[in-house]
Amino acid sequence: MSDKIDALLRQVQRPARYVGGEYNQVVKDRADVDVRFAFCFPDTYEIGMSNLGMKILYGLMNEMPGVWCERAFAPWDDMAARLREENIPLWALESGDPLEEFDIIGFSLGYEMAYTTVLDMLDLGGVPVRSSDRPGLKNLVVAGGQCICNIEPMADFFDLCFLGEGEEVDIELIELYRTAKREGWTKPEFLRKAAQIEGVYVPSLYDVAYNADGTVASITPRDGAPAKVRKRIIQDFDACYYPTKPVVPSTEIVHDRVSLEVFRSCIRGCRFCQAGQICRPIRNRTPETLIRMAKETLENTGYQELNLSSLSTSDYRPLSELCDGLLDYCEPRGISLSLPSLRADNFSMDIMQRVQRVRKSGLTFAPEAGTQRMRDAINKNVTEEDLLESCRVAFSGGWNGVKLYFMLGLPTETDEDVVGIAELAKKVLWCWKQNAANKSRGVRITVSTSDFIPKPHTPFQWEAKISRDEYLRRVHLLSDALKSARAITYNWHDSDTSVIEAVLARGDRRMGAVIEEVWRQGGRLESWTEFFSMQRWYDALEKCGLDPAFYAFRERPVTELLPWEHMDMGITRRHHEIERERAYASQLTPDCRAQCTGCGAASLLKEGVCRG
Amino acid sequence: MDKLRLKFSKTGRAVYISHLDLMRTMQRVFSRAGVQLKYSEGFNPHAKISIILPLTVGTRSLCEYMDFALAGEEDLTALPARLNPFMPEGIEALEAYEAPCKGAELRWLRVTGRMTGGRDAAFYNAFFAKPEILVTRRSKKGERVDNIAEMISRAVFMDGEDGVSADLIIHAQEPTLNPDVMMTALGKDVPEYFRFTRVEAFKEDMTPFR
């Protein structure tokens, strides 16, 4: 490492996150490599290294002979400023080479507020941000992750995107790239062929026309690109690659533990939840596979903590068997097991007690809404009795803290529903008074509310988001209703970010100019409140002649062509329409195990049948 | 097995790993190598390890010492070779043995260094030979001025092709003189760039610390 870089690293906070060299990192000989891939995460090292998707694809790509996948993260503001001052390009951790030297630069996009950071990383790495300014095959910029289900706001910047799960499609794309490079194809030639791979979306091959009122008039594919891009899924999840030799950070990260992916998707059909809708159909791993994966990964990393991850872990049918098997291995070695995402309706005290033997910290439940009517409208399918019964078991078992998560601004929400949150929280407090094993320790009940954001590919994709003022009015209504209960703490999520997130989530291609303008005005790392500026977004929207209300606060008629309708996530539009009607009628829809509702996702499976 | 000591080096990319992160990393190295550290008893068990004299981020070292205890019996001579395949880049276990003395007995360090963008060796030699060398240190209790002259046992500088090299013997523990802090005494003559390496450790009487 040069003196210049060393001096720089010694001036910034936590330099270990910029140098690589961690255990299990993959270093290849450049002479043996013909495709170099920079896997970029548009957030800090501490966040990116916690991401399971990144670990999977890093491991998988590096198993390909001749392909070297490296990692790059967004530098914190001190480091970003110094890199710009010194004119040093952002480098990938393994080789220390700048991003501009890579064949393919890939981004993982899990949330909209990371968009400006994508542009910042490209620019820091010496890569032009706009696809049209990168005429050659080199520096192909690609993206994957949940946001791809409506990536229109970033269409100007990405050459191609992966829709759905990346394990297979990424490899197919790299193989095609290798051929293109060897045979000297042009970039347009390569992109035309790439668009023929199922799950690959090439934004530049679609022409979007707009109506006078600003809505989308048409989305027209060109050069043989499919009218609808179909999401890719892994058919046999039990046999699917899992990284048992992940990079072990030498500096602390957010989720510093082994994360075991128990199943994909969710049997529940919560109407607000984008992940639950777009990841369908459900696919499980067997306990035997999971136990083997856990042992291997724990041995290969030296981690002392194992986490079971999924959208709703307590819905895993053999959970008890899995926990027993894992505990047999973990307990004698002092490895702790943690279970997030518990549902209040099937929470098992028996499992919780076996798993969290040492510390009885807080339990978290997400009833999402305060009244039964509202919970039925969003299809949460949790009753007050379920929640109170789970709390009763927990309190009598020695727990003395519960966190309750809710959303404000859900479609059909009334003031009665808002006040209902306070009433429910007070019932939880009363439940503690009745059942606490040790009252002298006191109780901590935390109520948190976030601001509901309607997302594409959900039954609420047509809904208007409530305004910032209306959100704050409901926050105060709830806050007043909670005043009498001092044992209950109330936190609410800031609404400014939510408005912009709502604009971007359902944005169209015209939003690209706004994102670029915000970035040019200094926007980056905007999922961090200290770097977010509402005014900067409003100024950019105005400069580009776009109205945030059109995107965030407008209810779309069902007849409108939505900007993301050429993305096929497996679920039919009709299903979302039906679910929306059922929401208005506060009607529950059974979960996938109880009864198939024919959402369409089963058609993604070769056999055409879900086996939840 | 109690009261064991591991001598290791920390160079290359590992120099940016902070002290706390290094403790965590070492625990994982033992765990990966299948060597069980002894854990403390109690509500929140933690591995019994401690690193003598935390190293400043960015400084290299050929002589770091970690005290530890093992749950079972192990061949100490073979331990470094067992641990090394499981280390992150830049950390190398050199020697493991039963600690012959307390870690607190480490009192002097030989530190070598290289500096560029400052004065020549003659200037530094004269400067650090003075009987009074004052540095201002900021701590939680406010600013204080220390005379570091008596914490410097040797300070020899030589001009070379890639800057001025330094060969120092400076005090460690009660009080500790950080070579980076020593440079701040130069005031307006602080070199633009300097970097140090811990090379050897001694006891109060200048016999080798091990």
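Q: Which residues does I148(A) touch, not counting residues up to four places away in sequence?
A: Keep in mind that this is a predicted model. Contact here asks for C-beta atoms, placed from the backbone, within 7 Å. Leaving out residues up to four places away in sequence, the list for I148(A) is L109(A), A143(A), C161(A), F162(A), L163(A) and Y201(A).

Q: What is the order of the strands in the open sheet of chain A?
A: Three strands make up this sheet, with parallel pairing. β10 (258–261) and β14 (336–338) each have a single partner strand, so they stand at the edges.

Q: Which residue is the bridge partner of S259(A) in β13(A)?
A: β10(A) pairs with β13 (residues 305–309) of chain A in the parallel sense, over four bridges. For S259(A), the partner in β13(A) is N307(A).

Q: Which helix packs on the sheet, touching β10 and β13 of chain A?
A: The helix belongs to chain A and spans residues 287–301. Its direction makes about 160 degrees with that of β10(A). The helix is α9.

Q: Which helix supplies the largest share of the side of chain A that touches chain B?
A: The contact takes 20 residues from chain A and 24 residues from chain B. On the chain A side, there are eight nonpolar, seven polar and five charged residues. The largest share, four residues, comes from a helix at residues 3–9, namely α1 of chain A.

Q: How many helices and strands are there in chain B?
A: Walk along chain B from the N terminus and the elements read β-α-β-β-α-β-β-α-β-β-β-β-α-β. The tally is four helices and ten strands.

Q: What percentage of the residues of chain B count as buried?
A: To be buried, a residue needs 20 or more other C-beta atoms within 10 Å of its own. Chain B has 210 residues, and the share that count as buried is 30%.

Definitions and conventions: Residues are numbered from 1 along each chain as its sequence is written. Chains are lettered from A and ligands numbered from 1 in the order in which they are written. This is a predicted model: local features need pLDDT of at least 70, side-chain atom pairs count only at pLDDT 80 or more; totals for chains, interfaces and linings use all residues. Two strands pair if DSSP finds at least two bridges between them. Helices (H or I, at least four residues) and strands (E, at least two) are DSSP runs, numbered from the N terminus. Two residues are in contact if their C-beta atoms, placed from the backbone, lie within 7 Å. Axes are lines fitted to C-alpha atoms, for helices over the stretch in contact, and angles run from 0 to 180 degrees between N-to-C directions. Ala, Val, Leu, Ile, Met, Phe, Trp, Tyr, Cys and Pro count as nonpolar, Asp, Glu, Lys and Arg as charged, and the others, Gly among them, as polar. A residue is buried if 20 or more other C-beta atoms lie within 10 Å of its own, exposed if 12 or fewer, and partly exposed in between; C-beta atoms are placed from the backbone.
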